[in-house]
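Hello,

Here is the structure we talked about.

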Amino acid sequence: MSIFSASLSISGSFSTARVSYSSASCSRISRVSCGFSVRRSRRHCPCAIYASNVRAMGGLVEDKRASVLALGLGSQQEVGHSRVFLDVRSEEELLSGLRKEVESGRLPSNIADRMEEVYHNYRNAVLQSGNPKAREIILSNMAVAFDRMLLDVEDPFTFSPYHEAIREPFDYYVFGQKYIRPLIDFRRSYVGNIKYFYEIEKKLQKGDNVVFISNHQTEADPAVIALLLETTTPHLAENMTYIAGDRVVTDPVCKPFSMGRNLFCVYSKKHMNDNPELAEMKKRANTRSLKEMVFLLRTGARIIWIAPSGGRDRPDPSTGEWFPAPFDSSSVDNIRRLLDHSGVPGHVYPLALLCHDIMPPPLQVEKQIGERRLISYHGVGLSVAPEMSFNGITAGIEKPEEAAALFSQALYTSVIEQYNVLKSAINENKGLEASNSLVTLSQPWK
């Protein structure tokens with residue numbers, strides 16, 4: 001399955017985003033840097049109700065209710081929203097609730113079918129973990145997931161070009177982490193070069209900006225990254241902003257997971273001309289997102305993740321071998337120039353991610369929203385390499401296009417090198433012994 005995504009290349013060029021810094025714009029930057037939200041959902045009610053220090057209680061229903069309260073679902077601000085999934089005690093009651101919502105007309109049957117498929121795939125994956133509480137975890141997490149999916153069908157959430165993670169009154173970030181965590185085999189998961197993540201955190205503390213140039217494998221990538229970093233660099237885990245494609249902010253099965261992440265919402269080049277009549281609208285939307293990025297980078301201390309391949313990695317059709325998809329050099333150059341023109345020191349790091357087994361994408365790029373979602377329990381990996389300097393790598397290159405291509409290729413080569421180490425550690429079962437002179441693996445959660 002792939003329940004969460006973020007990535008995609010920026011369509012359009014830096015020159016497209018003609019940003020004028022009026023007094024209104026500058027005051028807006030002040031509001032952002034002070035921590036106030038650029039936008040608020042109409043459901044983003046100030047009367048948040050938290051259940052702090054929720055203690056584990058005996059019994060399935062009590063456990064699930066504790067989880068619900070901790071996420072903020074104890075509040076009653078969602079007037080008129082069906083609560084059919086929140087008190088279920090069994091798989092039968094959960095799936096019966098789906099049928100009841102279809103019969104009531106609140107849930108389209110095609111979406112209900114996809115939700116049920118997600119349930120069965122998620123259940124099978126979590127059971128693979130051998131966790132003695134697997135069935136309780138499955139029912140608890142899927143009940144909350146169904147509740148959030150239904151809420152979005154009843155009252156669809158609209159993402160702005162820049163979306164801040166919704167943490168109250170319902171904490172969508174924690175919801176996403178709780179959902180993905182049971183799918184990761186931490187015994188076979190690794191982080192490469194943890195010292196550079198510490199280095200990055202110090203740069204952010206100084207007010208510098210950081211960009212990760214990364215490959216992209218599943219809709220769960222943001223949660224996987226955050227889960228692997230939460231014990232060592234929690235600031236990175238919670239504050240990263242992802243450049244996300246339109247598919248993860250329009251599919252009701254995916255949207256609740258996207259709502260818990262900081263996002264710049266763009267249209268991928270791969271889907272730019274799916275409907276030629278919408279191409280111009282998509283370009284204008286991307287320009288708005290670029291402007292939002294300029295505003296945010298000018299405030300400093302921002303960390304942005306981008307996958308310049310323009311989509312998820314896919315296996316070679318002839319060999320079945322997974323590998324990072326090639327980078328689009330214009331996307332790399334766009335983000336690099338945005339960073340350079342922000343007026344704040346900026347740093348670019350190559351990041352490698354291996355997690356395709358837990359939520360593999362369709363073998364082919366699909367135009368239609370609503371892909372089938374497969375799920376598995378598996379080890380995952382994340383690695384970062386030293387900062388790369390554009391001027392250092394492209395010294396002596398006069399043509400801008402050649403310089404952009406050389407820098408992009410250098411980043412891609414680093415990602416491939418790191419990815420191969422992660423693949424050796426996880427898929428070839430070499431574990432920590434897969435470390436080499438470029439990548440030192442560790443398991444910081446142990």
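Cysteine 254 is buried, at a relative accessible area of 0%. Cysteine 355 is buried too, also at 0%. Buried means under 20% relative accessible area, exposed means over 50%, and partly exposed is in between (1.4 Å probe, protein chains only).

A word on the source. This is a predicted model, so local features need pLDDT of at least 70 and side-chain atom pairs count only at pLDDT 80 or more, while totals for chains, interfaces and linings use all residues. Residues are numbered from 1 along each chain as its sequence is written, and side-chain values use heavy atoms, with hydrogens and water left out.

Histidine 163

This residue lies in strand 1, residues 162-163. Helices (H or I, at least four residues) and strands (E, at least two) are DSSP runs, numbered from the N terminus. Histidine 163 counts as buried because its relative accessibility is 0%. A polar atom of its side chain lies 3.0 Å from the backbone oxygen of methionine 259. Cysteine 265 is 102 residues away in sequence, yet the C-alpha atoms of histidine 163 and cysteine 265 are 7.6 Å apart.

Salt bridges

Side chains of opposite charge can pair when their charged atoms come close. The rule used: a side-chain nitrogen of Lys or Arg within 4 Å of a carboxyl oxygen of Asp or Glu. By this rule there are 14 salt bridges. Three of them follow.

- Aspartate 251 with arginine 114: the closest N and O atoms are 2.5 Å apart. The pair links distant parts of the chain, 137 residues apart. Aspartate 251 sits in the loop between strand 4 (241-245) and helix 10 (255-258), and arginine 114 in helix 4 (residues 109-128). Both residues are buried.
- Lysine 255 with aspartate 152: the closest N and O atoms are 3.0 Å apart. Lysine 255 is in helix 10 and aspartate 152 in helix 5 (residues 134-154), so the pair ties together parts 103 residues apart in sequence. Lysine 255 counts as buried at 5% relative accessibility. Aspartate 152 is buried at 4%.
- Arginine 336 with aspartate 340: the closest N and O atoms are 3.0 Å apart. Both lie in helix 12 (residues 329-340), four residues apart, about one turn of the helix. Arginine 336 is buried, at 12%. Salt bridges with shared partners join Asp333, Arg336, Arg337 and Asp340 into one network.

Best wishes

Technical notes. A polar contact is a pair of N or O atoms within 3.5 Å; within protein, one must be able to donate a hydrogen and the other to accept it, and residues adjacent in sequence count only if both atoms are side-chain atoms.
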